[in-house]
Amino acid sequence: MISLQHHSNLRIWSLDDLHYTLARALQCHELTALALCMRHGNHLDIEKARAWLRPSLGSLLSQLRLCDSGSDVLSQLQSLPRGSKVALYGDYDVDGVASALLASEFASAMGWHARYYLPHRLKDGYGLNADVIKAIARMGFDLLIVTDCGTKNDVEIKQALDMGLKVVVFDHHYADNVGHGGCIINPHLGGDEEAKSLSATAVLWCWLWQSGLISRDWLADRLEIVVLSVIGDSMPLGVLNRALVKEGLKKLERSKRPGLRYLFDKLSITCPIDENQLAMKLNPCLNSAGRISLAEIALQALEASTYSRVAAQKLVALNYQRKKLSAALYDQATLRLRTGRCRFVLDSVHWPLGLLSSVASRLCYEYNRPIVLAAPQGKDIRASLRVPDGLNAVRILETVSPYLKSWGGHKGAAGFSVDVDRWSGVKDKLEESLTEICTTDMKDQLENAILLEPGSWDINLWNDFRELAPFGEDNEMPYFFVSHRDGDVIKPLRGEGNYRILTPRGELLIFGFNEMSKYKDKIKGWLYRPFMDSFNGKLKISVKVEKVVI
């Protein structure tokens, strides 16, 4: 859904002498310099701007305060002899899969015999499962490495310790106090702001880098795993995550993992690989395993083994099935948002639990509002919350936490469960709370945009401007503005609300603007963003309208 932007709340930036001067100082394109000024102000620090454009991963890691917890973790791992049996427990999304894979390859490199277990979304639920812990302990494992969950599982960790298992946890989910802090590496326990923005996979990777347990060349080769998690979990792209993603994308392009190469081919992922291809193509495919089947299929597809290609073939088939199920859920939810009494919280007994979060993310983006999607599981209701920029999912759930059975997440996304008999009350409280939040916190705000004709874009300008990338959470690509003039042609395309806008200043594409007839005479211009388009193996830059200026 295309949103409207009032011209009175739009600040349009144009190139001037200051930006050319800054570009010379930074040795970057003047458009890049203008975008930096738009983000940080005209009096930005040159050295800080240079560090932002070209982050040094080694320098950032040497300054990183990862956490104050986990005092026992290094000694536990250092003292574990070769040949020890290590169990790995992850999660069912991309970050959970990637962190379990990184832990598995680390364990093998240390000479340990490793086996992983990724929980089933419905049967095991989120976090450590007590029955699984019992089984692991009875099988004679020496160590349990937990990734992307575990921080809040005080009872299950105590259970494992009481059964003779050593336990270490690498997690990134919000926590303010824990019962077994000595075995938990979590940036929310005393880490700095950059550390708190890391995915679980990146937490493990950064800890290994700082610990010296394994060579940094080995770690550098596995940045291709880390980048999947950072983009997959929509982590804020501060300077450290930008450095991890920049280096990780380079590693991905050269990856020799058979399953990955197969997925690149089947999903039409082309070089240069960027964060958008991961977010829109690769990560949804990887997530499909944990959403409608077994997450271990995604892990097997990412392994550097001969079987990974077979697993990748299974993954592609699951991805096709996921798309069909997601489309049906999306259509039902969209219809109810347009016609129902609830603007934020929707539920249905027919919705697949594994697809709630991905569809909620899409609806949140398209409607630019918080979205909760929920469905029953046994005697519980399980739900997924997604919020747009400027809101905090954790803070929202804190307001209803006394009524919840369990909950967790981070700034942009959270999940929770509640007893069926309490759901109606919780639903009303959330609807009321989100209505108030959106009334006070999401008023039509000033938007910034760069004045630039769409015909100005070519591959060279795109490559120059990509120095600001990767784009995403907390580092959004800026909007560009072009005015709408008499003589511009708006040509319908296939699909409702889709158009091609033909102007002497370049061509724009617009998708999902169903109110063109209503606003056609009021349009003053378009806010757009460029994107890399690949057709028949040829790369070109296209531009897509994000907002209609009236």
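**Exercise 1.** By class, how many nonpolar, polar and charged residues does the lining of the second largest pocket have? Work out where that lining comes from, too.

*Solution.* Keep in mind that you're looking at a predicted model.

- Start with the space itself: the second largest pocket holds about 370 Å³. Its lining is made of 16 residues, and the closest to the centre are L249, E253, P272, I273 and R466.
- Now sort the lining by class: you get 7 nonpolar, 3 polar and 6 charged residues.
- Next, look for helices. Both α13 (239-253) and α21 (459-465) supply at least two lining residues each, and α13 gives the largest share, with 4 residues.
- Finally, check the domains: domain 1 (3-13 + 446-549) and domain 2 (60-254) each put at least three residues into this lining.

**Exercise 2.** Is helix α10 largely enclosed or exposed? Check its length while you're there.

*Solution.* 

- For burial, the cut-off is under 20% relative accessible area. Residues that pass include W205, W207 and W209, along with C206 and S211.
- Count them up: 11 of the 12 residues are buried, so α10 is largely enclosed by the rest of the structure.
- Then step past the end of the helix: just after α10, G212 has a positive phi of about 80°.

**Exercise 3.** Which residues does UniProt give for the feature "domain: DDH"? Describe that stretch.

*Solution.* 

- The UniProt record, an unreviewed entry, places the feature at residues 85-199.
- That span is 33% helix and 19% strand, and its end C-alpha atoms sit 26 Å apart.

Definitions and conventions. Residues are numbered from 1 along each chain as its sequence is written. This is a predicted model: local features need pLDDT of at least 70, side-chain atom pairs count only at pLDDT 80 or more; totals for chains, interfaces and linings use all residues. Side-chain values use heavy atoms; hydrogens and water are left out. UniProt positions are given in the numbering used here, feature names are shortened, and annotations may be inferred rather than shown by experiment. On a 1 Å grid over the protein atoms alone, a cavity is a set of points where a 1.4 Å probe fits but cannot get out, and a pocket is an open set with protein on both sides within 12 Å along at least five of seven lines; lining residues have an atom within 4 Å of a point. Grid points are joined across faces, edges and corners, and a volume is the space filled by probe spheres set on the points. Ala, Val, Leu, Ile, Met, Phe, Trp, Tyr, Cys and Pro count as nonpolar, Asp, Glu, Lys and Arg as charged, and the others, Gly among them, as polar. Domain bounds come from an automatic or database domain assignment. Buried means under 20% relative accessible area, exposed over 50%, partly exposed in between (1.4 Å probe, protein chains only).
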